[in-house]
Amino acid sequence: MDVPEWNISACIQCNQCALVCPHAAIRPILLDENEAKMAPAGFETKKALGAGLDKYQYRMQVSPYDCTGCGSCANVCPAKEKALIMKPLDSQLKEAPNWTYAVEEVSIKKDAVNAKTVKNSQFAKPYFEFSGACAGCGETPYIKLITQLYGDRMYITNASGCSSAYGGSTPSSPYCTDKKGFGPAWAMSLFEDNAEYAYGYLLGQDAIKRQLVDKVQILAERGVAKEACEAYLEKGMDVEYSRQVSDDLLAAIAGDTSEEAEFIRQNNEFLTKKSVWAFGGDGWAYDIGYGGLDHVLASGKDINILVMDTEVYSNTGGQSSKATAAGAIAKFAASGKDTKKKDLA
Ligand SMILES: Cc1ncc(C[n+]2csc(CCOP(=O)(O)OP(=O)(O)O)c2C)c(N)n1
């Protein structure tokens, strides 16, 4: 098997390789001065390019043991002289200790992360890694990217399909946590009710949240931790401040033994703003779970849907779905699909 070797001089630092990697096995690493100094021998770096990044050193790090050799990274590399070249696995095993250093010892540079650009999104930690998906999977890069954007506050429900197979490969899970213990909460639903399942998460959270807000209001009126309570009431649902004002609130009421403070502590998981998602394939979204999907979207609630539209039922071998294009021949629709692709929107 071949895995990519990084050609440092040719790399233009676009991070597209990391974006398309299905298994999160290649990642851009930014190092501060001390991290660069402490790096193992052979851990080559170059000056980071980009606004505000020139204080960092840059490296593209491959995990040879986690790479499945699909070559997507090398294919997508737009550098004139390719910055990733597929090489025999044996020749790249020396990268294993470098990977360990890069992901375990080097910190994520929060100031470099920006959800609005492809390049800067890739400096965020993926909360989805090393899944059992096939080499070259076209679904997992989307999941990985979404976890880079929202992973530390995500609640995901997953319909049956490829994404539930590689997403819930018991006893291990590709959904992971950061050093603070934050990461996506994930559960699989039935094929036919996955959107409703996510909706249930949301309604349950909203019900607890309403009670939390009531209790915080009571404490504020009583003059207990007034400032922290008011800051929470004002900014608790603002993505940017939610975690901070929630942590401040918990610290400020730590000594209060009232029933309200106790309730807030017991339900502290629900203080912060969440990002609720329903994941699934086109068999779920276009066909079997469609009624529920329509109903949940029509609610206008703050709920997110990811449809991994592969235009067939991938997990069960390639039956056509309503997402299959007219005329397409699928494994179990060998005579071709005679109706046009459904417009989900
Ligand atoms: C009601 C029901 N019918 C059939 C199945 C069997 N089944 C499991 S996964 C799957 C295909 C999923 O296809 P899709 O939603 O397109 O997801 P993909 O595998 O392509 O990601 C089917 C038919 C099931 N789990 N439940």
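**Pocket definition and basis of the model**

On a 1 Å grid over the protein atoms alone, a pocket is an open set of points where a 1.4 Å probe fits, with protein on both sides within 12 Å along at least five of seven lines, and its lining residues have an atom within 4 Å of a point. Grid points are joined across faces, edges and corners, and a volume is the space filled by probe spheres set on the points.

The model is predicted: local features need pLDDT of at least 70 and side-chain atom pairs count only at pLDDT 80 or more, while totals for chains, interfaces and linings use all residues. Residues are numbered from 1 along each chain as its sequence is written, and side-chain values use heavy atoms, with hydrogens and water left out.

**Second largest pocket**

The second largest pocket has a volume of about 250 Å³. Its lining comprises 16 residues, and those nearest its centre are Phe 182, Arg 243, Glu 269, Thr 272 and Lys 274. Two or more lining residues come from each of β6 (154-158) and α11, where helices (H or I, at least four residues) and strands (E, at least two) are DSSP runs numbered from the N terminus. The largest contribution, four residues, is that of α11.

The lining has six nonpolar, four polar and six charged residues. In this classification Ala, Val, Leu, Ile, Met, Phe, Trp, Tyr, Cys and Pro count as nonpolar, Asp, Glu, Lys and Arg as charged, and the others, Gly among them, as polar.

**Largest pocket**

The largest pocket has a volume of about 1400 Å³. It is lined by 43 residues, of which Ile 108, Lys 110, Tyr 127, Asp 152 and Asp 178 are the closest to its centre. Elements that each supply at least two lining residues are β2 (26-31), α5 (95-105), α7 (140-150) and α11 (242-252). By class, the lining divides into 20 nonpolar, nine polar and 14 charged residues.

Because domain 1 (1-124) and domain 2 (127-309) both give residues to this lining, the largest pocket lies between them. The domain bounds come from an automatic or database domain assignment.

The ligand is surrounded by 16 residues, the closest being Glu 139, Cys 162, Gly 283, Ser 314 and Asn 315; a residue is near the ligand if one of its heavy atoms lies within 4 Å of it. This shell divides into five nonpolar, eight polar and three charged residues. At least two shell residues come from each of α13 (282-288) and β10 (312-313), and α13 gives the largest share, three residues.

**Backbone geometry**

Most residues other than glycine have a negative phi, and most peptide bonds are trans. The peptide bond from Thr 170 to Pro 171 is cis, with omega near 10°; Pro 171 is in the loop between α8 (162-167) and β7 (185-188). Ala 24, in the loop between α1 (16-20) and β2, has a positive phi, near 55°.
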